Structure formats: structure tokens, C-alpha cells
Amino acid sequence: MLETIERPDTAALVSAAQDGDAEAWERLIEEFTPMLRARIRRFRLNHEDAQDVLQTTWLLAWQNLRSVEDGQRMAGWLATIAFRECLKLTKRTREICTPDLDSIGSTDDVDRELARIWLAGTLAELVEELPAAQRVLFRALTETSEPHYVDVARRLGRPVGSIGPTRARTFAKLRGLLQAREITRDFLD
């Protein structure tokens, strides 16, 4: 029979931490730090920025712990703090270029342009999920509007005959990732 590992009762830990129990606070940090790291990692921050966001999240959580009324919602509360801190950081460090939506025209055109911008960001995330070799090939193939397999093969140090099949596997993997997120051709039309 498998031994079950007892997870701490989050509500009880939150309550104890609110009453000043340092051990309960440490257990909360231990329990939720992996989840927070995973959430923060989605923003593709460098290591130092990710660590800053994690530390700021815990600092804000400590400062506002008394405001938590339902300890069972601690995970969502912490995730929200981390999300907001990531957004603050990315707004300060990255300027996103978007077109002047007023100049596009009709509402349908604006909707289509917003969907295109969103999809471009989603595609960038999905490319990061590809195996390293496929990621490198995808980038090499999409850097120019008309890539030549000979040039790509030479640059990557691969046989020309391997580019087409690897490209096919790469695009099949991307299609699968899009479908997993329920992004289909119907969604894009």
C-alpha cells in the first residue's frame, strides 16, 4: 500500500501565520513557492527579475496577510500578486509595439488585428515549448520571408535533406500545441 503524504491544511496555516506563527509562515512559503515560480516563469523573465518578483510577492503577501479572509484561497491570492508584479515589471522593461487601432477601420478589422497581435504572442510562447533543435530551425525559417533550405542547412550545420522533414515535424508539433489550447482555424476566421 502506498503511503500518503499529508498536505498541510492551508486555511489553518494561514490562520496561524496571521497570529504570528513563524513556522506556519515558513510552511506556506515552502508549499506555494514552486507554484509561484511556475507562474512567474510564464513571463519569461531573466533569473534576477524572476527572483525579484518572487521576493516581492512574498513581501506583499506578508504585509497583507491579515486581509486574507479565506485561507483556502491562498494559492489564487498569491498567484494574483505574482501576476500583477510580473505585469508591472514587463511594462517597465518592455515596450510592446501595436498599431494605431483607430487607423485600422471597422470593428471587424480591429478585432482581427487584436486577434493577430494576441496570436503572435501566443505563437512565441508555443515556439519556446518546442525542442531546442526545432526552435532553432523554426527561427531560421521565419527570419526571412523566403528562406532557402540550402542557406538554412549551411547556417545550422545540417544536411539540406533534413530541413524539410524537420520543418514538417516542427509545424505538426506547433499545430498540436495550438489545438491543445483550442486555437483552431475556426477561431482565427
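Does Glu-85 count as buried or exposed, and at what relative accessibility? In this predicted model, Glu-85 counts as buried, at 13% relative accessibility. The cut-off for burial is under 20% relative accessible area. Glu-85 is found in helix α4. Leaving aside neighbours within four places in sequence, the contacts of Glu-85 are with Val-53, Thr-56, Thr-57 and Leu-60. Helix α3 spans residues 47-63, and α4 spans residues 74-93.

The overall architecture is helical. The chain has nine helices and zero strands. Read along the sequence, the pattern is α-α-α-α-α-α-α-α-α. The chain holds 189 residues, of which 28% count as buried.

The largest nonpolar core contains 24 residues. Within this core, Leu-28, Ile-40, Leu-45, Trp-58 and Met-74 touch the most other members. Four helices each supply at least two of the core residues: α1 (10-18), α2 (22-41), α3 (47-63) and α4 (74-93). Beyond residues up to four places away in sequence, Leu-28 touches Thr-10, Leu-13, Val-14, Ala-17, Trp-58 and Met-74. Trp-58 and Met-74 are themselves among the core residues that touch the most other members.

Ala-17 is one of the partners of Leu-28. Ala-17 lies in helix α1. Ala-17 is buried, with a relative accessible area of 3%. That value falls in the buried class because the class takes in residues under 20%. The C-alpha atoms of Ala-17 and Leu-28 are separated by 8.5 Å, and the two residues are 11 apart along the chain. Apart from neighbours within four places in sequence, Ala-17 is in contact with Ala-24, Trp-25, Leu-28, Trp-62 and Leu-65.

The packing of helix pairs was then considered. Two packed helices are described by the angle between their axes and the distance between the axes. For α1 and α2, the angle is about 135 degrees and the axes are 8 Å apart. The two helices are therefore oblique to each other. The crossing of α1 and α2 is left-handed. On the α1 side, Thr-10, Leu-13, Val-14, Ala-16 and Ala-17 take part. These residues meet Ala-24, Trp-25, Arg-27, Leu-28 and Phe-32 in α2.

Helix α2 also packs with α3. The axes of α2 and α3 come within 11 Å and cross at roughly 140 degrees. Angles over 145 degrees count as roughly antiparallel, so α2 and α3 are classed as oblique to each other. The crossing of α2 and α3 is right-handed. Helix α2 contributes Trp-25, Leu-28, Ile-29, Phe-32, Thr-33, Leu-36, Arg-37 and Ile-40 to the contact. Helix α3 contributes Ala-50, Gln-51, Val-53, Leu-54, Thr-57, Trp-58, Ala-61 and Trp-62. Trp-25, Leu-28 and Phe-32 of α2 take part in this contact and also meet α1.

Two further residues provide a contrast in accessibility. Glu-23 has its place in helix α2. Glu-23 is exposed, with a relative accessible area of 57%. The C-alpha atoms of Glu-23 and Leu-13 are separated by 8.9 Å, with the two residues 10 apart along the chain. Arg-44 is found in the loop between α2 and α3. Arg-44 is partly exposed, with a relative accessible area of 44%. The phi angle of Arg-44 is near 55 degrees, a positive value in a residue other than glycine.

Helix α6 covers residues 132-142, and helix α8 covers residues 160-180. These helices pack at an angle of about 100 degrees, with their axes 10 Å apart. That makes α6 roughly perpendicular to α8. The α6 side of the contact is made by Gln-134, Leu-137, Phe-138 and Leu-141. The α8 side is made by Ile-163, Thr-166, Arg-167, Arg-169, Thr-170, Phe-171, Lys-173 and Leu-174.

Notes. Residues are numbered from 1 along each chain as its sequence is written. This is a predicted model: local features need pLDDT of at least 70, side-chain atom pairs count only at pLDDT 80 or more; totals for chains, interfaces and linings use all residues. Side-chain values use heavy atoms; hydrogens and water are left out. Buried means under 20% relative accessible area, exposed over 50%, partly exposed in between (1.4 Å probe, protein chains only). A nonpolar core is a set of buried Ala, Val, Leu, Ile, Met, Phe, Trp, Tyr and Cys residues joined through side-chain atoms within 4.5 Å. Contact means heavy atoms within 4.5 Å. Axes are lines fitted to C-alpha atoms, for helices over the stretch in contact, and angles run from 0 to 180 degrees between N-to-C directions. Angles under 35 degrees count as roughly parallel, over 145 as roughly antiparallel, 65 to 115 as roughly perpendicular and the rest as oblique. A crossing is left-handed if the near helix is turned anticlockwise from the far one by less than a right angle, and right-handed if clockwise.
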